[in-house]
Amino acid sequence: MENEWVIGRRAVMEALKAGRSMGKLLVAEGAGRGKGGLGPLLEEARRQGVDEQQVPRQTLDRVAAGLNHQGVAAQAEPWRYAELEELFQRAEERDEPAFILLLDGIEDPHNLGSILRTADASGVHGVVIPKRRAAGLTPTVAKTSAGAVEHVPVVRVTNLNRTADELKERGVWLVAGDADASARYDEMDYSLPVALVIGNEGKGVSRRLKEKCDFTVGLPMKGAVSSLNASVAAALLMYEVLRGREK
């Protein structure tokens with residue numbers, strides 16, 4: 001596979017911290033190199049022996065393809081998708097019940113990036129996405145996640161329904177977010193192994209997958225708009241799991 005471009009200071013720094021192999025680092029001519037600028041990033045790149053090249057900002061504009069590059073971009077090895085077993089290993093290493101996300105057709109890479117950022121912050125052990133009709137790991141996802149893509153394992157599966165069955169066989173309870181659910185999101189006991197199921201931005205959770213879920217929960221809506229952005233709804237559910245477990 002060809003190398004991927006990692007765009008922006010935070011994304012590049014997190015990729016360096018994660019030890020991803022980098023071919024070259026492009027830095028805009030005249031970019032600030034002090035402590036408040038690119039200094040720490042460039043120091044880490046030099047420590048790892050990454051080849052730094054100063055280029056005109058127009059070159060970075062072309063590479064970034066509309067993303068805010070902040071004067072830096074790196075060519076790195078492709079993001080590695082994890083295996084499902086790795087998620088359970090992370091939970092075991094942390095001595096925690098499994099906390100997994102199943103994303104049922106999240107198509108917007110910005111939503112996926114935002115979800116990964118919150119997943120990292122709220123202690124999710126890993127995220128499962130389908131191979132078809134869904135966003136995968138891309139420079140846009142990495143940029144939006146502020147580098148969290150380097151720290152949250154992402155599993156890409158052919159059949160999400162089959163994966164749901166496997167999770168249930170391993171003792172994981174499936175909880176789907178659903179606008180029509182009768183139960184509120186804060187009425188659940190999340191202390192057991194749990195997988196939150198987040199649906200597509202427009203269609204929600206598919207019928208077959210919803211039927212496999214043990215519970216469906218909804219968020220109270222008091223305004224005129226009937227639904228939340230997928231990444232916002234996912235964030236509320238993730239932090240409710242964290243809150244419930246800490247309590």
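User: Is glutamate 85 buried, partly exposed or exposed?

Analyst: Start with the relative accessible area. Buried means under 20%, exposed means over 50%, and partly exposed lies in between. This is a predicted model, and the values come from its atoms. Glutamate 85 has a relative accessible area of 37%, so this residue is partly exposed.

User: Which residue does glutamate 85 meet in a salt bridge?

Analyst: First the general idea. Side chains of opposite charge can pair when their charged atoms come close. Now the case here. The side chain of glutamate 85 meets that of arginine 170, at 2.8 Å from N to O. Glutamate 85 lies in helix H4 (residues 84-93), while arginine 170 sits in the loop between H7 and E8. The pair therefore ties together parts that are 85 residues apart in sequence. Arginine 170 is partly exposed, at 37% relative accessibility.

User: How many salt bridges are there in the whole structure?

Analyst: A search finds 13. One of them joins arginine 20 and glutamate 150, with the closest N and O atoms 2.8 Å apart. This pair links distant parts of the chain, 130 residues apart. Arginine 20 is in the loop between helix H1 (9-17) and strand E2 (22-28). Glutamate 150 is in the loop between helix H6 (139-144) and strand E7 (154-157).

User: Are arginine 20 and glutamate 150 buried or exposed?

Analyst: Use the cut-off again: buried means under 20%. Arginine 20 has 8% relative accessibility, so it counts as buried. Glutamate 150 has 15%, so it is buried as well.

User: What about glutamate 86 and arginine 80?

Analyst: Their side chains meet in a salt bridge too, at 2.9 Å from N to O. Check each partner on its own. Glutamate 86 is partly exposed, at 21%. Arginine 80 counts as exposed, at 59%. Salt bridges can also form a network: Arg10, Glu14 and Lys17 are linked in one.

User: Where does threonine 163 lie, and what is it in contact with?

Analyst: For contacts, set aside the neighbours within four places in sequence. Threonine 163 lies in helix H7 (residues 160-169). Its remaining contacts are Leu84, Val128 and Val157. Threonine 163 is buried, with a relative accessible area of 7%.

User: Which strands are joined to E11 by bridges?

Analyst: Look at the bridges and at the direction of the strands. Strand E8 (residues 173-177) is joined to E11 by three bridges, and the two run parallel. Valine 175 stands opposite phenylalanine 215 in E11. Strand E9 (residues 183-184) also runs parallel to E11, with two bridges. There, alanine 183 has valine 217 as its bridge partner.

User: Which residues make the nonpolar surface patch?

Analyst: Met221, Leu228, Val232 and Leu236 make it, and the patch covers about 300 Å². Take one member. Leucine 228 is found in the loop between strand E11 (215-218) and helix H9 (230-246). Leucine 228 is partly exposed, at 38%.

User: What does the whole protein look like?

Analyst: Step back and count elements. The secondary structure comes to nine helices and 11 strands. Next, compare the radius of gyration with a rule. With 247 residues, a compact globule would have a value near 18 Å; the protein has 19 Å, which agrees. The C-alpha trace spans about 55 × 45 × 35 Å along its principal axes. Of the residues, 49% count as buried. Finally, take contacts between residues at least 6 apart in sequence: 79% of them join residues at least 24 apart.

Conventions. Residues are numbered from 1 along each chain as its sequence is written. This is a predicted model: local features need pLDDT of at least 70, side-chain atom pairs count only at pLDDT 80 or more; totals for chains, interfaces and linings use all residues. Side-chain values use heavy atoms; hydrogens and water are left out. Patches are made of residues with over 30% relative accessible area and no salt bridge: like charges are joined within 9 Å, nonpolar side chains (Val, Leu, Ile, Met, Phe, Trp, Tyr) within 5 Å. Accessible areas come from the Shrake-Rupley method with a 1.4 Å probe; for residues, only the protein chains shown count as cover. A salt bridge is a side-chain nitrogen of Lys or Arg within 4 Å of a carboxyl oxygen of Asp or Glu. Helices (H or I, at least four residues) and strands (E, at least two) are DSSP runs, numbered from the N terminus. Buried means under 20% relative accessible area, exposed over 50%, partly exposed in between (1.4 Å probe, protein chains only). The radius of gyration is taken over C-alpha atoms; the globule rule is 2.2 Å times the number of residues to the power 0.38. Contact means heavy atoms within 4.5 Å. Two strands pair if DSSP finds at least two bridges between them.
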